[in-house]
Amino acid sequence: MQEFGLKNPSTSLEEIGLKNLKNVYWNLSPEELVEHSLCKGMGQLADSGALVVNTGEFTGRSPDDRFIVKDSITANKVNWGKVNIPFSSRKFDALWRRCCNYLKKKDVYVRDVRANASSNPDFQLRTRVVTEYPWSNQFANNMFLRPDSEELLGFDPRWTVLCVPGFKADPERDGTRQHNFAIINVKKRRLLIGGTGYTGEIKKGIFSVINFVLPTRAKDALPMHCSANVGHDGDIALFFGLSGTGKTTLSADPNRPLIGDDEHAWASGEVFNFEGGCYAKTIDLTAEKEPDIYRAIRHGAILENVKFFEGTRKVDYSDRSITENTRVSYPIHHIENAVNPSRAKGDPQNIFFLTCDAYGILPPISRLTPEQAMYYFISGYTARVAGTEIGVREPKSTFSACFGAPFLPLHPAKYADLLGKKLRKSKAKVWLINTGWSGGAYGEGSRIKLAYTRAMITAALNGYLEGVHYETHEVFGMAIPTSCPDVPNEILNPRNTWANKSAYDKKANQLAAEFVKNFEKYADQASAEILSAAPKVLEKV
């Protein structure tokens, strides 16, 4: 076995069961990792300099194959069920050994990284990522915080990620559902990924770990699936939202430096990024629509599952032949207007819940009470339209607790309760932003103009909505401003934009009933104040 690159002299992979390896490459530079990927025939270079790879069978996460080892630490803390599927500790140990044996006589790539850009060392998660593929290792370098050479020499990992896309499990023998798997072992502080080359499993696996560890380690630290930016005066804004609601787009503001685009924590006196990079969707990407992301796709970035225009190395971002979920990862310093280090002092002053309401029911902007904020936080609503599923022409409601249900080991009410405490202490304002339809549902109304949405967010950030008159939505109860700079007054109340007011009332009532039904599974652990903020179903549906 030969070893290359910068490593801690006292470090040994044999301690975690990795023996008789061919070559071990420690903490290689992005340039070196690109060379390895190209030499192994695992990628191509785009004309921008980015590495283009194909993740194989899986082009997205496989939530039904994500497990957590059930043991004395997790048994009474994890919210077990469809999202958090229990796994045997004995089966985990056996599967870990099988993955290690699979890697014998093979090259492996090792990267020492940190998660959590907090100024508090106790919150920083030191992680060793061991991968079968060089581009998986480059992804870890892009997405996590990169220690300097001095820190690497004394690096002491608290968690280990082992990623072996080429290994396929035997469900009958290994206890998995099928041949791919992502398994978290909290007691042993290990994350085991196999049978899938989709790099998002690494990112979201560590996010799930943090969502378990952080609230138990620090009672006042709230992990969040959101983007964040900060004004030049230090005012912090958070943007929550599911895919397609505009989270990345709206947080990328040339007048407000970016803290991060996806995963953060709100701790005592600071907001910090979990990551050191961004993992953005690229389907239909253009320089005009997403200039920051477009410019970030250069040497060091990794493009996943995209195609070139025929006869060129120019990426065709409209090509869906492999997947709709085309992606790019890049280090956050590829964004010119990014904060370094990725954190900001203080508490958020404004929090935005983004929803793409394809029914055209929710206001384009409204203000929520703390109780309503907790309710809508647990609900995590959006409504998707045609393009997300073949043959879908009508809107389809989607609820994802805390805007990130697949990554929450604890009960959603735990995170909502912590949010409520922080809102009352900080006096942060919470806004519900509808980036979807107005004047009717999808197919009848029209999409709210991005320029109007940006103007509403700017008005909220600058305090222009403080002294204006508000009216209360009859069904959902949120406060709707009757005027907003640079936005037509007539679009602010969604009912006014519908030609058929009774049709609006009927659809609003139907959507309210969906909210109430969805919330039934959380009611047993939700407080009375949260339950009181539910929308009012005015008639039977």
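1. K427 is exposed, with 64% relative accessible area. This residue sits in the loop that runs between α10 and β27 (429–434). Its phi is positive, about 65 degrees, although K427 is not a glycine. Please bear in mind throughout that this is a predicted model.

2. C402 is another non-glycine residue with a positive phi, here about 60 degrees. Is C402 buried or exposed? C402 counts as buried because its relative accessibility is 4%, and the cut-off for buried is under 20%. K427, at 64%, is exposed because exposed means over 50%. The loop that holds C402 lies between β26 (396–399) and α10 (412–426).

3. The peptide bond from N340 to P341 is cis. Its omega is near 0 degrees. P341 belongs to the loop between β21 (327–331) and β22 (343–345).

4. Next, helix α1, residues 30–39. Which residues of α1 are buried? They are L33, V34, H36 and S37. Viewed down the axis of α1, these buried residues fall within an arc of 160 degrees, so they line one face of the helix.

5. What do the buried residues of α1 pack against? Their strand partners are β2 (23–26), β3 (44–45), β4 (51–53) and β7 (108–115). Helix α3 (134–143) is a partner as well. After α1 comes G41, with a positive phi near 70 degrees.

6. T249 deserves a look. It is found in helix α7, residues 247–251. T249 is buried because its relative accessible area is 15%, and buried means under 20%. Leaving out residues up to four places away in sequence, T249 touches E290, L450 and R454. With E290 there is also a polar contact between side chains, at 2.4 Å.

7. How many cavities of 30 Å³ or more does the whole structure have? The search finds four. The largest cavity holds about 80 Å³ of space. Its lining has 13 residues. R66, A182, E201, K204 and G205 lie nearest its centre.

8. Two elements give two or more residues to the lining of the largest cavity: β10 (181–185) and α6 (200–217). Of these, α6 gives the most, with four residues. By class, the lining has seven nonpolar, two polar and four charged residues.

9. The second largest cavity holds about 60 Å³. Which residues line the second largest cavity? They are F353, L354, T355, L362, Y376, Y381, F403, L432 and F515. Strand β23 (residues 348–355) gives the largest share, three residues. By class, eight lining residues are nonpolar and one is polar. None is charged, whereas the largest cavity has four charged residues in its lining.

Conventions: Residues are numbered from 1 along each chain as its sequence is written. Side-chain values use heavy atoms; hydrogens and water are left out. Buried means under 20% relative accessible area, exposed over 50%, partly exposed in between (1.4 Å probe, protein chains only). A polar contact is a pair of N or O atoms within 3.5 Å; within protein, one must be able to donate a hydrogen and the other to accept it, and residues adjacent in sequence count only if both atoms are side-chain atoms. Contact means heavy atoms within 4.5 Å. On a 1 Å grid over the protein atoms alone, a cavity is a set of points where a 1.4 Å probe fits but cannot get out, and a pocket is an open set with protein on both sides within 12 Å along at least five of seven lines; lining residues have an atom within 4 Å of a point. Grid points are joined across faces, edges and corners, and a volume is the space filled by probe spheres set on the points. Ala, Val, Leu, Ile, Met, Phe, Trp, Tyr, Cys and Pro count as nonpolar, Asp, Glu, Lys and Arg as charged, and the others, Gly among them, as polar. The arc is that of the directions from the helix axis to the C-beta atoms.
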